[in-house]
Amino acid sequence: MGLLAMLGESRSDAPAAALRVIRHRLERRRAEGMWTFGVTSARDGEGKSTLAAQLALVLSESQRARVVLIEASMHRPSLARLFGCHVPSGFGFSVQLAHRMSGHAHPWAVMALGPALHVLVESEAEQGYPDALHSTHFREAIEGLGRVYDWVVVDAPSVLGSGDANVVENAVDGIVVVARSRATRGADLRAAVRQLGDRKAIGFVLWDGPDGTAR
Ligand SMILES: Nc1ncnc2c1ncn2[C@@H]1O[C@H](COP(=O)(O)OP(=O)(O)OP(=O)(O)O)[C@@H](O)[C@H]1O
Ligand SMILES: [Mg+2]
């Protein structure tokens, strides 16, 4: 797995420029038929949701690209808060999955944050069903939405300590791993990459400066 980009702090426009570099690389992968991807990290709190949201935004700024951002990190939801949106009762992603698990197939209800950016996120006010990640409906959701959108970006759980990130890995075309250069332990990152394998690896994104220990 190679380095995709570093989100540095040195220049104020550096993160935006780095995100455009990642977008360019993802667009090349898209030409090879890869347009559903997950963002994960070795452990919790290493920047998955932030990067997934940033990538969804920059991809949706591309001409005519329609993007859906899916919150699969159901034990630690944060996207509704990050975007400042309220998820109406019954419309959290895992609640919609649970409806399907009990045989009620409604169309997916997504929230539009802009003309080209839609989100399917967890409610932080309502109890979710994190186990729904393990149902076949999760995979079907990614596949179904992949037929409707130009990009499906999945905010995945972290890798170590459970198989949840592998469930996402199995459902998407590619995986981006984010690491915090000064905080992520190199041993954790290597273990995470081993657990994921390189079948779907797109690359790493490092943030908070180039002088980190995790490469
Ligand atoms: N590129 C970045 N630049 C500056 N701060 C960042 C960046 N990415 C993440 N952070 C900060 O790091 C913290 C954790 O980020 P985030 O919530 O995205 O991580 P996460 O991996 O999704 O966490 P969790 O495992 O809880 O889902 C947040 O306070 C966030 O603002
Ligand atoms: Mg998160």
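**Ground rules.** I work with a predicted model, where local features need pLDDT of at least 70, side-chain atom pairs count only at pLDDT 80 or more, and totals for chains, interfaces and linings use all residues. Residues are numbered from 1 along each chain as its sequence is written, chains are lettered from A and ligands numbered from 1 in the order in which they are written, and side-chain values use heavy atoms, with hydrogens and water left out.

**Ligand 1.** I listed the residues with a heavy atom within 4 Å of the ligand. The shell consists of Leu7, Asp44, Gly45, Glu46, Gly47, Lys48, Ser49, Thr50, Ser73, Arg76 and Trp207. I sorted them into two nonpolar, five polar and four charged residues. In this scheme Ala, Val, Leu, Ile, Met, Phe, Trp, Tyr, Cys and Pro are nonpolar, Asp, Glu, Lys and Arg are charged, and the others, Gly among them, are polar. Helix α2 (residues 48-60) gives the largest share of the shell, three residues. Helices are DSSP runs of H or I with at least four residues, strands are E runs of at least two, and both are numbered from the N terminus.

I then looked up polar contacts, which for the ligand are pairs of N or O atoms within 3.5 Å. On its own, ligand 1 has 620 Å² of accessible area, and the protein covers 65% of that. The area comes from the Shrake-Rupley method with a 1.4 Å probe.

**Aromatic cluster.** Phe93, Trp108 and Phe138 form one cluster. I count three aromatic pairs in the structure. Pairing needs ring centres within 6.5 Å (six-membered ring for Trp); planes under 30 degrees apart are stacked, over 60 edge-to-face, the rest tilted. Phe93 and Trp108 have centres 5.7 Å apart and planes at 50°, so I log the pair as tilted. Phe93 and Trp108 are both buried, meaning under 20% relative accessible area with a 1.4 Å probe and protein chains only.

**Ser123.** Ser123 sits in the loop between β5 and α5 (136-146). Its relative accessible area is 10%, so I mark Ser123 as buried. The Ser123 side chain reaches the backbone nitrogen of Glu126 at 3.0 Å. A polar atom of that side chain is 3.1 Å from the backbone nitrogen of Ala125.

**His118.** I find His118 in strand β5 (residues 117-120). His118 is buried because its relative accessibility is 13%.

Notes: Buried < 20%, exposed > 50% of the residue type's maximum accessible area, 1.4 Å probe, protein only. Polar contact = N/O pair within 3.5 Å; in protein donor to acceptor, adjacent residues only side chain to side chain.
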